[in-house]
Amino acid sequence: MNRPLAAPERRLCQRLVDEVSRALLGKEAEVRLALCCLLAGGHLLLEDLPGVGKTTLARALARVLGLRFRRVQFTSDLLPADILGVSVFERESESFRFHPGPIFTQVLLADEINRSPPKTQSALLEAMGERQVTVDGQTRPLPEPFFVIATQNPLHQAGTFPLPESQLDRFTLCLSLGPPPPEAELKLLLEGRERPVEALVEPQLDAARVVALQCRVRAVQVSEAVADYLVRLAAFTRRAHPGGGLSPRASQAILHCAKAHALLQGRDYLLPDDVQAVFPAAARHRLAAGGADGAALVAEALAAVDVLAP
Amino acid sequence: MAEAVPRPAAFWLAAAATVAVAPFARHLPLWAVLVAPLAAGFHLALFRRGRAAGGRWLPALALGACLAALALEFPRWRALEPMASLLLAAFGLKFLELRSTRDAAALVLLGFFVAAVLPLFAQGPAVGLYLLAVALLLVASLAALQLGGGGGRGVPLRLAARLLVSALPLALVLFVALPRVGAFWSVPSPAAVTGMGDELVLGEVAELSRSAQVAFRVRFEGPPPPPAERYWRGLVLSRFDGRSWREVSWGHGEGVVAWAGQEPSWWRRDLVLAGPPRVYEVFLEPGGGRHLYALLGSRMLTPGTGMTRLQTAVALPSPAGRFRYRAEYRSVVAFEAGGLPDVRRRIELALPAQGNPRSRALAARWRAEAGSPEAFLERILEHFRRHFAYTLRPPPLPPEDAVDAFLFETRRGFCEHFAAALAFMLRAGGVPARVVIGFQGGELHPTEGYLTVRRYDAHAWTEAWLAGRGWVRVDPTAVVAPDRLTLGLLGLLGAEQVLAEEPVALERLRHLPGIERLRWALDTLDYAWGRWVLGYRGVQGELLGRLFGALPPRWLLLPALAALLFALLLAAALALPLARARAHPADRLFERFCRRLARVGLRRVKGETARAFCRRAAAQLPELAAAIAAVDRHYEAARYRGAEASLAALHRAVVRVRPGGPFLQKRLRPANLERKKGLD
């Protein structure tokens, strides 16, 4: 069960990061976190201004993992059926036939998710949580693996609907890409890339191997010391946050992501460093609800909680 | 199945057992001492081959052999030596059935018992230190047992040292505060190295004891008496049966003993004293029998001690082992000058009907020729002075007519010969006389001022009763060898002859100035040890007496023990939550690592992981980068990967991180520089 990581596996982990980084220049840390999220079986929320590469990242991730990819542009008039699918009466067979929506894919990019009204947003809920879709009283499983990568614009932009907290909690990580570093931007301009992401990134895995890698993530060894550290971090946010801090599901998600982070580093055991690496991305959006300053609270927690046992 | 003994623990146990039994080699038969090391070695050898302890037959056989050897060695069972030998043998044989940690724990306990037996044989400060070392090794074995295979090689010893040091305050409190009660059972004391017996048999002991062991020490309040006056009276021997001189028992009645604080009527009658009283304190070492020693004209001050009419000191109960008493003495002008009662006179003149005819004839002739007893005495002494020689190895004397043989044939001997022969001659000439045995002389410490009397200072002299003058001390040895009194035995004959039995005594090297100083320093240490540590019972007794009056110490023992128990329980209650919340060993080692780096100003902040801190530290201290990386690696393995085996490696790695050379300190402590500037 707990065999140490072999060299090819370690190389593969690094190659995943490298490939995606070719499509998204100068953002290796974010790429790594995004990969962590997916390998941990979580859903990713990308929150940033338009044009910094959110969609590019999502496409590159899908490509490198060798998964089917669909994209839905969320607009204010998008309906749940537009995502999930619809049953249509067919004359020939004299019965209703289900036309699956774009959600029946392996990687779903929900672009600008906060532009559509809450009803449509909540259509994603069941799919993200249960990995299944219920239409007309019939439940249909989604393909395996299934990831949702949603992007959203900052809330102060006009015409946005903030995501409800329950929905936010279902996103394992929330990343802000930010503008690229100047040298990366320079390179981008000079090279004048016109090629699509699919031409830049070579697939490294396929669905079956992704599932296998997810199994490896679950097998990463967690010592009591690290788990204890995470518990103390969560407890700190609960004391400091007016809305109750991190939920147990959040702690679980953080632990899972941290394990993926350890695996991507080529380790089969967890360090507090892994927890610290994924903690801001995992905690900030959850703590931001209720108008609190999530980033500040995260920084405070990381500084105030002793990594070693007190 | 019981837990097997971890290999390191077996090693520590073997070492502890060997060290614990080694000093007994001086006091007990060698085979008994060797059982433990041999059995421990056997056990280790089995261990190396991966086999458990021997079967059932081997221990049984070995036990039988030991019992047989005991029976052969000691005809008498009820004595200290056979019992101690039995203990040592049993302790060693336990190694043959050392299978589980339980057995090992029992062995450790037995080891403490063995160590506790050693003071019955020897009690010097060196023994105290040695016992501390034994305790250290035993506790280390226990620690190794608890650690299992884990921990570094030196970890058990360090742990034991820490435990012992933290136990020291409690031990001190116990030593000072716990009331000393007498032993609840009596321990037979080991056979005394003969310095002074209860009787004097002419010619039976061919050689005088030549032990340099301390018999007792005396501290004078004021100047000590001159060497020629230092006659320490032990026993007065008045009964002569033709072969041996013995004490006449007068009992301890009121008419016989003047106890401390009393002054019976006979006291003033018997003694005419002059000069101011001078106080002295005697520290009696164990092993010298049960006699007390005092100067003539002494009055005892310590309760329970007294002076007999014979001017010898007694104590009730008679002291076993170390004893301390105070007395005061004045110069004696006359001793029983008023006349001897008839009974006493008959006793002091009594001679057997027959034996030593030539001496009797000579005495009768000389007494008749001399006009007075004094002249008669002078004549005998003159004879000694002219024709006799002092030697520590006199020719043997026949059991019959020994005085004749000594006076007319061999004419060589030491104090006993001269004293016994003179007393015989005096009695034969009608002058009451007796033999006194005790010590003469002693060595004055050059700076501390106390007197050390050793076994080889044992002496015998004669007392003659002369009408009008009372008892007069006559020391025929002083006539034959005057230097014996002024220089002492060692000065008279030299160390080579005197200390033939003790080849390693420092006294042999007295001519070297450094050695002489060392010898005195050791003697001072020994004196302080005896006075404050071993003889503490007396000090404590006085203190308790002052605090609680006449309450016997036994009554104080129970409250003291109860208080101790309460304190221990309190400490346990306070320490238990702390112990429960104690950090993981890897964390403790990492803390130590952090403390080391803090010395050069590198401090981990709370949110900093071990790895991040190590990277930062390695960047700051490139010369230690490898060592710091090792700490990080082993800490992660031990703490986060569950590799307990990495603890030892972590320990080694932490020890190797030694920042703070002068160069580093200068570079990394700008804060100090700034503070200096601020002060300027």
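Tutor: Keep in mind that this is a predicted model. We can begin with helix α3 (residues 57–73) of chain B and helix α4 (residues 80–93) of chain B, which pack at an angle of about 165°, with their axes 11 Å apart.

Student: How is α3(B) oriented relative to α4(B)?

Tutor: Angles over 145 degrees count as roughly antiparallel, and the angle here is about 165°, so α3(B) is roughly antiparallel to α4(B). The crossing of α3(B) past α4(B) is right-handed.

Student: Which residues of α3(B) and α4(B) meet?

Tutor: From α3(B) come B:Pro59, B:Ala62, B:Leu63, B:Cys66 and B:Leu70, and they meet B:Pro82, B:Ser85, B:Leu86, B:Ala89 and B:Leu93 in α4(B). Sorted by class, the residues of this contact are nine nonpolar, one polar and no charged.

Student: At what angle do helix α6 and helix α7 of chain B pack?

Tutor: Helix α6 (residues 125–147) of chain B and helix α7 (residues 155–177) of chain B pack at about 120°, and their axes lie 8 Å apart. That angle makes α6(B) oblique to α7(B). Their contact includes B:Ala135, B:Leu136 and B:Val139 of α6(B), and B:Val155, B:Pro156 and B:Leu157 of α7(B). By class, this contact has 15 nonpolar, no polar and no charged residues.

Student: How many residues does each chain give to the contact of chain A with chain B?

Tutor: Chain A gives 18 residues and chain B gives 15 residues. On the side of chain A that touches chain B, α10 (224–240), α12 (272–288) and α13 (294–304) each supply at least two residues, and that side has 13 nonpolar, three polar and two charged residues.

Technical notes:
Residues are numbered from 1 along each chain as its sequence is written. Chains are lettered from A and ligands numbered from 1 in the order in which they are written. This is a predicted model: local features need pLDDT of at least 70, side-chain atom pairs count only at pLDDT 80 or more; totals for chains, interfaces and linings use all residues. Axes are lines fitted to C-alpha atoms, for helices over the stretch in contact, and angles run from 0 to 180 degrees between N-to-C directions. Helices (H or I, at least four residues) and strands (E, at least two) are DSSP runs, numbered from the N terminus. Angles under 35 degrees count as roughly parallel, over 145 as roughly antiparallel, 65 to 115 as roughly perpendicular and the rest as oblique. Two residues are in contact if their C-beta atoms, placed from the backbone, lie within 7 Å. Ala, Val, Leu, Ile, Met, Phe, Trp, Tyr, Cys and Pro count as nonpolar, Asp, Glu, Lys and Arg as charged, and the others, Gly among them, as polar. A crossing is left-handed if the near helix is turned anticlockwise from the far one by less than a right angle, and right-handed if clockwise.
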